Amino acid sequence: VPTVANDLRRKMRGWMRAVASPQMRLAFMLALWTGQRQGDILRLTWAAYDGTHIRLTQQKTGRRVIVLVGAPLKALLDATLRRSPQIVTNDDGHPFTSSGFRASFRTAQMRAGITGLTSHDIRGSTVTRLAEIGCTELEIASVTGHSSSDVRSILDSAYLSRTKMLGDNAIRKLERRTKPPI
């Protein structure tokens, strides 16, 4: 079933393989695996990463978020040369400015032939991916720092339509938690 989320994932995978620089791949993976805003990703320092978790306080909301680092992101972080206190740097090893990052993001998209994708769409895609694998709204909010009502709004938006996969997940959960009749 085609959804906006599935289309975004397909485009992002192609973009990552084809044209993204190592710095953009790192920023992309941080965004995809933590669900954080662009500004928070760009401000992340190596001190926020302890080898298992990323700890940060979101600039916009002031929420403190602790995110377990998934294996694909951990492998990338552990292999990344620490050229600056910030994790994500430009080609010169300096922290990205917000405008510099947006320009690099747009350039990579143009090379990949992608239009209409923003770094914020990756945040929405993270919410969707977590929902599709059966995470609760509170679990998702704990990762991304959204309020549970914001998570619900994102899931009700174009990012996630009611799919066969979600329906199948619901019935599988019901089967696992229901005792068979005598």
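Mentor: Let us start with the term itself: a salt bridge is a side-chain nitrogen of Lys or Arg within 4 Å of a carboxyl oxygen of Asp or Glu. Please keep in mind that this is a predicted model. Side chains of opposite charge can pair when their charged atoms come close. The structure holds 5 salt bridges, and we can go through some of them by their partners.

Take Arg55 and Asp50, which form a salt bridge with their closest N and O atoms 2.7 Å apart.

Next come Glu137 and Arg152, whose side chains meet in a salt bridge at 3.0 Å, N to O. This pair ties together distant parts of the chain: Glu137 belongs to helix H7, Arg152 belongs to helix H8 (residues 148-156), and 15 residues separate them. Glu137 is partly exposed at 26% relative accessible area, and Arg152 falls into that class too, at 38%.

Salt bridges with shared partners also join Arg37, Asp40 and Arg43 into one network. Within it, the closest N and O atoms of Arg37 and Asp40 are 4.0 Å apart. The setting here is buried: buried means under 20% relative accessible area, so Arg37 qualifies with 16%. Asp40 is buried as well, with a relative accessibility of 5%.

Strand S1 covers residues 53-57 and pairs with S2 in the antiparallel sense over 5 bridges. In that pairing, Leu56 stands opposite Val65 of S2. The hairpin has 6 residues between its strands, and Gly62 takes a positive phi near 80 degrees. Along S2 (residues 64-68) the side chains alternate, with Val65 and Val67 buried on one face.

The axes of H7 (residues 137-144) and H6 (residues 119-132) come within 10 Å and cross at roughly 145 degrees, in a right-handed crossing. On the H6 side, Arg123, Thr126, Val127, Leu130 and Ala131 make the contact, and they meet Ile140, Val143 and Thr144 of H7. Sorted by class, that contact has 5 nonpolar, 2 polar and 1 charged residues.

There is another helix pair to look at. H2 (residues 22-34) and H4 (residues 71-79) bring their axes within 10 Å and cross at roughly 150 degrees, here in a left-handed crossing. From H2 come Arg25, Leu26, Met29, Leu30, Trp33 and Thr34, which meet Pro72, Leu73, Leu76 and Leu77 in H4. This contact has 8 nonpolar, 1 polar and 1 charged residues.

How values were computed:
Residues are numbered from 1 along each chain as its sequence is written. This is a predicted model: local features need pLDDT of at least 70, side-chain atom pairs count only at pLDDT 80 or more; totals for chains, interfaces and linings use all residues. Side-chain values use heavy atoms; hydrogens and water are left out. Buried means under 20% relative accessible area, exposed over 50%, partly exposed in between (1.4 Å probe, protein chains only). Helices (H or I, at least four residues) and strands (E, at least two) are DSSP runs, numbered from the N terminus. Two strands pair if DSSP finds at least two bridges between them. Axes are lines fitted to C-alpha atoms, for helices over the stretch in contact, and angles run from 0 to 180 degrees between N-to-C directions. A crossing is left-handed if the near helix is turned anticlockwise from the far one by less than a right angle, and right-handed if clockwise. Contact means heavy atoms within 4.5 Å. Ala, Val, Leu, Ile, Met, Phe, Trp, Tyr, Cys and Pro count as nonpolar, Asp, Glu, Lys and Arg as charged, and the others, Gly among them, as polar.
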